[in-house]
Amino acid sequence: MNDFYKIGQVIEVRGQKLRIRVFENKNSNILVYQGQVIKNVSVGSFVKIPKGFSNIIGRIEGEYIQETKPTGNTRDYLRFTKESETIDRIIEVNIMGVLNDDRFQRGLIDISLVFSDAYMLTDKEVGKIFEFSSDLATSVCIGAINDYKEEKLFISANSLFASHIGIFGNTGSGKSNTLAKLYTECFQRFKGMPGFAKSQFLLIDFNGEYTEAFDDSKKVYKLSTRVDSGDQIPIHKSFLTDVDLWSIICEATEKTQKPFLSKCIDLYRRIQDIDNPVQYIRTMLKNLLLQYFETPSLFFHHLTGIKQILSLLFLNTESAVRLLDSMQPRQGNSFFRIDNGTGIWANTAEEYESRFVIPILDSVFCESNFNGSDEYSMFEFALRFKYLDSLCRQYINEEHIAPLISRFDNRLRRVKRLFRICNNPPADWMSVYSLVDVNVEFKKIVPLIICKYFYERQRQNFSGRSLHIIIDEAHNVLSTTSERESQTWKDYRLETFEEIIKEGRKFGTFLTISSQRPSDISATIISQLHNYFIHRLVNNEDIRAIGKAVAFIDNTSYEMISVLPQGACIFTGVASNFPVLVQVDLLPKQKQPQSNTINLTDLWSNP
């Protein structure tokens with residue numbers, strides 16, 4: 001072993017912690033060996049301590065100076081010894097693992113002995129320590145390792161992307177570039193492989209930063225709740241039968257409104273499953289109208305609702321509306337109408353059916369007039385019909401359910417703008433959902449619907465495929481401190497994502513979240529992540545949240561979180577042997593997320 005690389009001796013062993021006294025001639029910043037300039041060891045560097053046929057690898061966590069205690073006659077020692085000779089440089093080392101047969105093994109496998117020699121590492125040995133992947137062909141390059149600029153960090157794609165990933169950092173720290181860099185590298189390296197089409201990637205983009213990033217063949221959905229010209233997400237009609245989702249969308253109360261919604265959805269299912277839906281709907285409407293014979297006042301109270309449910313399913317309802325408008329109450333419980341100047345009475349239920357109900361139904365029920373192909377209209381018909389029918393039968397209290405109907409009117413318009421119902425939705429290999437033009441109340445609902453829908457589909461039809469859900473600014477949808485919503489909605493939202501992160505791996509579903517406020521995100525979700533990219537965080541609550549949830553981070557790395565430079569992050573997790581400080585490579589300008597800070601001086605200086 002080359003003695004030039006020997007830097008000192010072990011003087012104390014306390015379990016995993018070592019103290020090494022550095023030789024006097026190895027205290028300079030750089031060393032020169034055979035005309036080559038070599039950087040000397042410092043905090044963050046590695047040392048090796050040979051023991052038997054293996055080398056114990058330790059990482060320097062700190063250093064200090066220590067005065068050498070004199071031996072013999074103290075007066076003579078002080079008289080004849082130079083001051084520089086009475087001070088030793090001591091480095092504190094934490095054992096990381098063992099380097100044996102050019103292979104680094106992490107963990108406390110062996111312990112050094114006192115007086116063992118300590119050595120600097122050669123470039124080859126440094127490369128072996130940072131060799132997190134044995135096959136570079138199936139790895140992605142993230143950036144350069146800060147302490148060893150010449151070393152690039154290669155991470156096994158399987159260990160990284162077949163895991164849940166967390167990217168955290170304050171605004172402007174470089175987390176958006178890190179997210180884009182990870183998946184850009186993935187797509188560039190693996191997209192051309194024959195089985196890559198078995199994976200699907202979904203990106204929830206709250207601020208519209210990634211519409212130009214990644215691969216040009218991705219599908220971008222620019223969603224809007226304000227105008228009808230925005231893109232629509234293709235989704236299967238099973239979306240309409242999710243009681244929990246509609247309860248959240250309409251803010252349904254647990255005890256009264258949610259059970260009513262459940263009955264409406266059951267009715268919608270029956271209509272969909274029936275062999276002859278037209279005849280079934282005709283019978284439904286007939287039975288509803290017949291109920292009004294005994295209560296004419298209720299009929300006129302519901303007249304607007306009756307016209308509305310007819311307009312949902314039929315293209316032309318003019319004749320039916322004229323008949324409905326011509327109906328007037330008589331004294332007592334009966335109806336009459338004016339037809340061509342002649343009064344028509346209905347004094348019995350049979351007369352009411354033949355003279356009023358049947359003509360109304362005949363005026364709309366013809367093959368060319370029925371419009372049952374619109375799933376939204378059919379769903380709304382089921383809900384409004386159930387509302388009127390339940391009021392007639394006195395199954396519900398109007399004061400309890402009417403607010404739900406009002407909210408349904410408002411929310412359904414926005415849902416129609418965002419989602420397009422289809423039987424076979426296209427499976428885009430990558431979809432970016434831009435929510436920059438979505439209002440506040442739907443910015444949490446839309447990501448929940450997207451993630452839940454695709455996760456349920458993946459779980460029910462899992463056949464070796466993978467689903468990768470990426471959420472930028474994840475605190476918007478994973479927050480535990482939001483007070484703008486009910487506790488029921490918050491619990492459902494968090495439970496949905498907690499299930500994905502707990503159980504999704506079994507079904508090939510992997511979650512990547514990026515956030516500037518990790519303290520706002522559910523601790524359960526953060527603790528279940530496998531790999532972390534931690535950029536600069538300055539808020540104490542955020543730093544503490546990382547410290548409590550991340551088991552892979554050491555004290556030295558933890559203390560660096562608040563002073564990391566822009567673009568630098570601490571990478572740690574199951575894909576790395578130990579925490580690594582890495583400077584993430586900046587993507588080409590055309591591939592960068594649109595998150596750069598505006599240059600105010602340029603703005604102000606130009607007209």
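In helix α18 (residues 540-549), the buried residues are Asp-542, Ile-543, Ala-545, Ile-546 and Ala-549. Here, buried means under 20% relative accessible area, exposed means over 50%, and partly exposed lies in between, with a 1.4 Å probe and protein chains only. Because these residues cover an arc of only 160 degrees around the axis, they sit on the same side of α18. The arc is that of the directions from the helix axis to the C-beta atoms. Asn-540 and Lys-548 are exposed, on the face of α18 turned away from its buried side. The partners against which the buried residues of α18 pack are β12 (165-168), α17 (523-527), β23 (531-534) and α19 (555-560). Helices (H or I, at least four residues) and strands (E, at least two) are DSSP runs, numbered from the N terminus.

The model is predicted: local features need pLDDT of at least 70, side-chain atom pairs count only at pLDDT 80 or more, and totals for chains, interfaces and linings use all residues. Residues are numbered from 1 along each chain as its sequence is written, and side-chain values use heavy atoms, with hydrogens and water left out.

Helix α10 (residues 318-326) has Ala-320, Leu-323, Leu-324 and Ser-326 as buried residues. They lie on the same side of α10, because the arc they cover around the axis is only 165 degrees. Glu-318 and Arg-322 are exposed and belong to the face of α10 turned away from its buried side.

Two loop residues have positive phi values. Phe-214 is in the loop between β13 (199-205) and β14 (219-224). Its phi is near 65 degrees, a positive value in a residue other than glycine, and Phe-214 is buried at 2% relative accessibility. Glu-473 is in the loop between β21 (466-471) and α15 (475-478). Glu-473 is not a glycine, yet has a positive phi of about 50 degrees; its relative accessible area is 5%, so Glu-473 counts as buried.

Ala-474 also has its place in the loop between β21 and α15. With a relative accessible area of 0%, Ala-474 is buried. Leaving aside neighbours within four places in sequence, Ala-474 is in contact (heavy atoms within 4.5 Å) with Ile-513, Ser-514, Ser-515 and Ile-521. Ala-474 and Pro-518 are 44 residues apart along the chain, and their C-alpha atoms are separated by 8.9 Å.

For the chain as a whole, there are 20 helices and 25 strands. The radius of gyration, taken over C-alpha atoms, is 35 Å, whereas a compact globule of 607 residues would have a value near 25 Å; the globule rule is 2.2 Å times the number of residues to the power 0.38. Along its principal axes, the C-alpha trace spans about 135 × 60 × 50 Å. Of the 607 residues, 52% count as buried. Among contacts with a separation of 6 or more, 71% are between residues 24 or more positions apart.
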